[in-house]
Amino acid sequence: MPEGPSIILLKEAIQSFKGKKIVKAEGYAKIDFSVFSNKKIKEIKTWGKHLLICFDDFFVRVHLLMFGSYRINERKETNPKLSLQFSKGELNFYAGEVKLSKEDPDEIYDWSADIMNDHWDAKKAIKKLEEQSSQFICDSLLDQQIFSGVGNIIKSEALFRAKLHPKNKVGKIPPKAMRLLLRETKKYSFDFLEWKREGKLKKHWLAYSKKVCPRCDLPIHKEITGKAKRRSFFCNNCQVLFK
Ligand SMILES: [Zn+2]
């Protein structure tokens, strides 16, 4: 599943369509395609893993989920879920989730919960974490209302960098260690963005998909962790588990 930084790259890649008029919209998404006719894209935003293509009085939200993909000025052989065509160029989305909303994105999205947003607020995140003290930190990091945009890669890498075990209960993590984790999560998310842009993302993985801990030279464990039952990569030796 593409994580927040990858959706920022998608947004950047389609910026040239901002201000452009849609001449045809089609696809198999269960939405009213007539709303797009002759409408100009006003703005393109992201909230975590959501891409928001905004028009004057509505927006369309694309969430690629596990198997979604897109093509810019190209087509895949399969039918698109959403195809937006301009006088020059087109934008095609495959699988994933496509929804229309007439609401104002500022009304329904909490920008301070989006790890890639300038408004992301660590203090608010700490407050929300205090309300889930009995939860595993590996689950909390995937909570899109606290860390919108964080997925399995950012989760594993941030925990490794902060030397915290994924199976720590949130309430057992000392405040200083928690603040470090929040800093590392944000920092790694932005490093992810730059490394992905340069095509060097995998080269910089320290724990995710790795076999050996670069700090200890001991095996990296791969385990399905937490309520979310998602994969975590971690070192039992240098990632502290607070009791
Ligand atoms: Zn280690």
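Me: Which residues are the protein donors of the zinc ion, and how far from it do they lie?
Reply: In this predicted model, the protein donors of the zinc ion are Cys213 (SG), Cys216 (SG), Cys235 (SG) and Cys238 (SG), which lie 2.2 to 2.3 Å from it; donors are N, O and S atoms within 2.8 Å of the metal (3.2 Å for Na, K and Ca), and water is not among the atoms, so sites may look incomplete. Residues are numbered from 1 along each chain as its sequence is written, and side-chain values use heavy atoms, with hydrogens and water left out. Local features need pLDDT of at least 70 and side-chain atom pairs count only at pLDDT 80 or more, while totals for chains, interfaces and linings use all residues.

Me: What arrangement do the four donor atoms make around the zinc ion?
Reply: Ideal angles at a metal are 109.5 degrees for four tetrahedral donors. Here the four donor atoms subtend angles of 105 to 116 degrees, so the arrangement is tetrahedral (four donors count as such if all angles lie between 85 and 135 degrees). Along the sequence, the donor residues follow the spacing C-x2-C-x18-C-x2-C.

Me: Is Cys235 buried or exposed?
Reply: Buried means under 20% relative accessible area, exposed over 50%, and partly exposed in between (1.4 Å probe, protein chains only). Cys235 is buried, with a relative accessible area of 1%, and Cys238 is buried as well, at 13%.

Me: Which residues does Leu181 touch?
Reply: Contact means heavy atoms within 4.5 Å. Leaving aside residues up to four places away in sequence, Leu181 touches Ile137, Leu141, Ala158, Leu159, Ala162 and Leu164.

Key:
Tetrahedral: all angles 85-135°; square planar, octahedral: opposite > 155°, others 65-115°.
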